[in-house]
Amino acid sequence: MTRRHGYALLSAVLALVVALCAAIFVTVAADDGVPPDGTGAGRPHHDAAAAPASTGTWVGSWSTSPVGAEPGTETDGLVGRSVRNVVHASTGGTSARITLSNLYGQAPLTISHASIAVAAGDGTAAAAAQTMRRLTFGGRPDVVIPASGQVLSDAVRIALPRETDVLVTTYSPVPSGPVTYHPHARQVSYVAQGDHTEDPAAAAYTEQTPYWRYLTALDVLSNESDGTVVVFGDSITDGITSTEGANHRWTDVLSERLRTALADGRRDVPRYSVVNQGISGNQVLANGLGRPADNQSGLGRFGRDVLSRTNVKVVVIELGVNDILRNPRLADPDRITDGLRTLVRQAHARGLKVVGATLMPFQGHRGYSPAREAVRQQVNARIRAGQVYDAVVDFDHALRDPYNPRRLRPDYDSGDHLHPSDEGFRKMADVFDLRELKGAGQAEL
């Protein structure tokens, strides 16, 4: 072979390699997880568990805190049933992964089958069939989660639009209890007898539940967000009095405001998703009963529910009123603020900024007393003086009755004189200065 012929052959081989690479790139870039025929016909895309080809940043799109052991599930758990959790994605992505918890289980939890899909609409157990994906764990469709443990699934390619309901379904073939759950979901989820994990239809899901079970996080590979805001709080953050299924928690509205500001071209606010780690009845200092403790204190759960969340950038804390209301004796404002400062120091050690909220009024609630009101005022004075947090959102000032500052304004009151109405939750998000979500924590307070 002459040198000229050799160069020609080498050039042809290189051209072939370039063409093949280009074809592969185009195929991968175009794959949003939907089968090529666009129908799916209810079949999962079984190779979707491969590492995602998309680019972006892993962020939290939804999360919740494990609260306790579900009553009535101590012996058998939910054996032989498919649990279809319905959650709302705060930000979209091209791939997803989930976290399952057996924190309150007394035995290993076997999940033999799990799936994720986009809901076919609001208030339904039906999935958009072409989005149904089987989830895997270390490459396997089944996983055993030890008692008190949790597991992160493999990433799966799936196009999850922001502000849509997502269905995460698990099936347990053997008894295991009790079930780790979050009781005040403000969202209807579903249960079916038998393994209907990859069934896109709703017909088998005849049982409704107000709980989230096992599922504690949904992460997405996103081009819309650069990090996660974790909101850490009690029933007010949990949204216990918000309209069920409407996503009217104040954290939902905060997420909506961030997206709107970015769509309007504002450059003074960050591209962050928002996740909710509220637990009804939660206190800074005191645990609930049981071992592990139900409704673990803020100090006890901060590492799990905040610092371990995906790509956390900022922490927002709304906590402290239950330390005042649920203490059989008069609460000590020094202990409450010292506990909050401990949370802030832990966040600062990770370089995180902390925005804290003042405690809202509760006159008219059955737990109100002038002495407890005095403690609330002392805690708020320290928060406003900059002695606790890096930045402050003054929910007390925004929602109190201007004619009686010890009480919620009537239109912001759900009726129990402690928790806001939907309008009150919106007001909380509206007074939040989005610019405070930028920056890092102070070195020392």
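The buried residues of helix 9 pack against helix 2 (235–238), helix 3 (250–263) and helix 8 (395–399). The model is a predicted one. Helix 9 spans residues 422–430, and its buried residues are Gly424, Phe425, Met428 and Ala429. These four residues cover an arc of only 140° around the axis, so they lie on the same side of helix 9.

The protein has 445 residues, of which 53% count as buried. Among contacts with a separation of 6 or more, 81% are between residues 24 or more positions apart.

The largest nonpolar core has 31 residues. Those with the most contacts inside this core are Ile98, Leu100, Ile116, Leu160, Val166 and Leu218. Another core, of 30 residues, lies apart from it; Val230, Val284, Leu359 and Phe362 are among its members.

Aromatic side chains come next. The structure holds 6 aromatic pairs. One of them joins Trp62 and Trp212, with 5.1 Å centre to centre and 80° between the planes. The angle is over 60°, the cut-off for edge-to-face, so this pair is classed that way. Trp62 belongs to strand 1 (residues 57–63) and Trp212 to strand 15 (residues 212–213), which means that the pair ties together parts 150 residues apart in sequence. Trp62 has a relative accessibility of 8% and counts as buried. Trp212 is buried too, with a relative accessible area of 5%.

Phe232 and Phe302 also form an edge-to-face pair, at 5.2 Å centre to centre and 85° between the planes. Here a strand meets a helix: Phe232 is in strand 17 (residues 227–233) and Phe302 is in helix 4 (residues 298–307), so the pair ties together parts that are 70 residues apart in sequence. Both phenylalanines, Phe232 and Phe302, are buried.

Two further arrangements involve aromatic rings. Trp250, Phe395 and Phe432 form one aromatic cluster. At Trp58, the charged end of Arg97 sits over the ring, 4.2 Å from its centre.

Charged side chains also meet one another. Side chains of opposite charge can pair when their charged atoms come close. The structure holds 22 salt bridges. How exposed are the partners in some of these bridges?

In the salt bridge between Asp252 and Arg249, the N to O distance is 2.8 Å. Asp252 has a relative accessibility of 18%, under the 20% cut-off, so Asp252 counts as buried. Arg249 is also buried, at 6% relative accessibility.

The bridge between Lys353 and Glu436 has its closest N and O atoms 3.4 Å apart. Lys353 is in strand 20 (residues 353–357), while Glu436 is in the segment after helix 9, so this pair ties together parts that are 83 residues apart in sequence. Lys353 counts as buried, at 9% relative accessibility. Glu436, at 26%, counts as partly exposed.

Arg409 and Asp411 form another salt bridge, in which the closest N and O atoms are 2.6 Å apart. Arg409 is partly exposed, at 29% relative accessibility. Asp411 is partly exposed as well, with a relative accessible area of 30%. Elsewhere, salt bridges that share partners join Glu373, Arg376, Arg384, Asp394, Asp396 and Arg400 into one network.

One member of that network, Glu373, is also among the residues that Tyr368 touches. Where does Tyr368 lie? Tyr368 is in the loop between strand 20 and helix 7 (370–384). Leaving out residues up to four places away in sequence, Tyr368 touches Leu325, Phe362, Gln363, Glu373 and Arg406. Leu325 is 43 residues from Tyr368 along the chain, and their C-alpha atoms are separated by 7.4 Å.

Technical notes. Residues are numbered from 1 along each chain as its sequence is written. Side-chain values use heavy atoms; hydrogens and water are left out. Rings of Phe, Tyr and Trp (its six-membered ring) pair if their centres lie within 6.5 Å; planes under 30 degrees apart count as stacked, over 60 as edge-to-face and the rest as tilted. Helices (H or I, at least four residues) and strands (E, at least two) are DSSP runs, numbered from the N terminus. Buried means under 20% relative accessible area, exposed over 50%, partly exposed in between (1.4 Å probe, protein chains only). A charge sits over a ring if NZ of Lys or CZ of Arg is within 6 Å of the ring centre and within 35 degrees of the ring normal. The arc is that of the directions from the helix axis to the C-beta atoms. Contact means heavy atoms within 4.5 Å. A nonpolar core is a set of buried Ala, Val, Leu, Ile, Met, Phe, Trp, Tyr and Cys residues joined through side-chain atoms within 4.5 Å. A salt bridge is a side-chain nitrogen of Lys or Arg within 4 Å of a carboxyl oxygen of Asp or Glu.
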